[in-house]
Amino acid sequence: MGILADLFRIPKFTGGLAIFLAIVALGLAGPLIYRVSPTDIVGPRYTPPSPGHPLGIDALGRDVLAQLLYGIRGSLLVGAVAAGIALGLSLVLGTMAAVFGGLVDRVIMVVSEIFIIIPSLLLMMVLAAYLRPEARNIWLVGFVIGITSWGGWARGFRSRTMSILQSEFIKMAILSGASRTSIILRDIVPIISPYILASLAMLFTSAITAEVGLTIVGVGMTKDITLGLILYIAQLYANITQGIWWTVVPPTLVMILIYLSLYLVAISLDEYFSPKLGTA
């Protein structure tokens, strides 16, 4: 409770968390309150915002507010899937590389280098060549982004773990016969838990940004509605050059808010816990 109380006294942490939770609430509860289908044709294309359609109508005659609410939900799901996969792989493999060392360390580092080199764009281009467009859904895109995002973070966890392994209490645990798995779970993970949370926040926002990039270049989402798909449709119909701002500004603003909110949370955690990690 003491740590949480301290964190909530940091304006950056409180503000970032409040903005992110508000966006999550919008994505979860919004479609239940604003009961307009995001795929139905509700009026003439390019109708500006009005009381009946607060964010106007897009190039396909669909309600932009309904698209945005479902898009937030879809993008958050992509971020959760990708960040979960990337964090799980980087944490497990990074700590294993540091604790086990030797051949295990070398193999994990080589594999991580391969995945650092392979961008999600390249893998999605290969998959797009063989899969039907409707197969490129939230789960597949989230998986591809997650599987190509863990390499650099694994090196970060390895570095943090190696510094902790020099501590006297770790040496005492080794001398007392504690297993390596026990040392990872009982001694190392609790100490690096703030770094884990900060990594999760950054992986989450990076995944949402990556999904938008993949979809805009035509190899990402094709069916499930995300912020990236909304921007892709706007780009496809040249909405920016036509001045159809209501199909571009809202999803872009939400993306910026997601990025800023999680960035504030991540740097707040890092600034609060880094001095303590350094003395662990």
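Colleague: Which residues does Ile258 touch, not counting residues up to four places away in sequence?
Modeller: Keep in mind that this is a predicted model. With those left out, Ile258 touches Ile23, Leu76, Thr205, Ile208 and Leu227.

Colleague: And which residues touch the most other members of the largest nonpolar core?
Modeller: Ile258 again, along with Ile188; that core has 57 residues. Several helices give two or more residues to this core, including α2 (11-33), α10 (227-236) and α12 (249-278). The largest share comes from α9, with 14 residues.

Colleague: What about a second core, what's in there?
Modeller: There's a separate one of 12 residues, and Ile138, Val144, Ile145 and Val219 are among them.

Colleague: Back to α9. Where does α9 bend?
Modeller: At Ser193, by about 55°, and a proline, Pro194, follows within four residues. The end C-alpha atoms of α9 are only 45 Å apart, while a straight helix of 37 residues would span 54 Å.

Colleague: What comes just after α9?
Modeller: Gly218, which takes a positive phi of about 95°.

Colleague: New topic: Gln67. Buried or exposed?
Modeller: Gln67 is buried, because its relative accessible area is 5%, under the 20% cut-off. Gln67 sits in helix α3 (residues 64-100).

Colleague: So what does the side chain of Gln67 reach?
Modeller: The backbone oxygen of Pro38, at 2.4 Å. Beyond its neighbours within four places in sequence, Gln67 has contacts that include Pro38, Thr39, Asp58 and Ile230.

Conventions:
Residues are numbered from 1 along each chain as its sequence is written. This is a predicted model: local features need pLDDT of at least 70, side-chain atom pairs count only at pLDDT 80 or more; totals for chains, interfaces and linings use all residues. Side-chain values use heavy atoms; hydrogens and water are left out. Buried means under 20% relative accessible area, exposed over 50%, partly exposed in between (1.4 Å probe, protein chains only). A polar contact is a pair of N or O atoms within 3.5 Å; within protein, one must be able to donate a hydrogen and the other to accept it, and residues adjacent in sequence count only if both atoms are side-chain atoms. Contact means heavy atoms within 4.5 Å. A nonpolar core is a set of buried Ala, Val, Leu, Ile, Met, Phe, Trp, Tyr and Cys residues joined through side-chain atoms within 4.5 Å. The expected span of a helix is 1.5 Å times one less than its number of residues. The bend at a residue is the angle between axes fitted to the seven residues ending there and the seven starting there.
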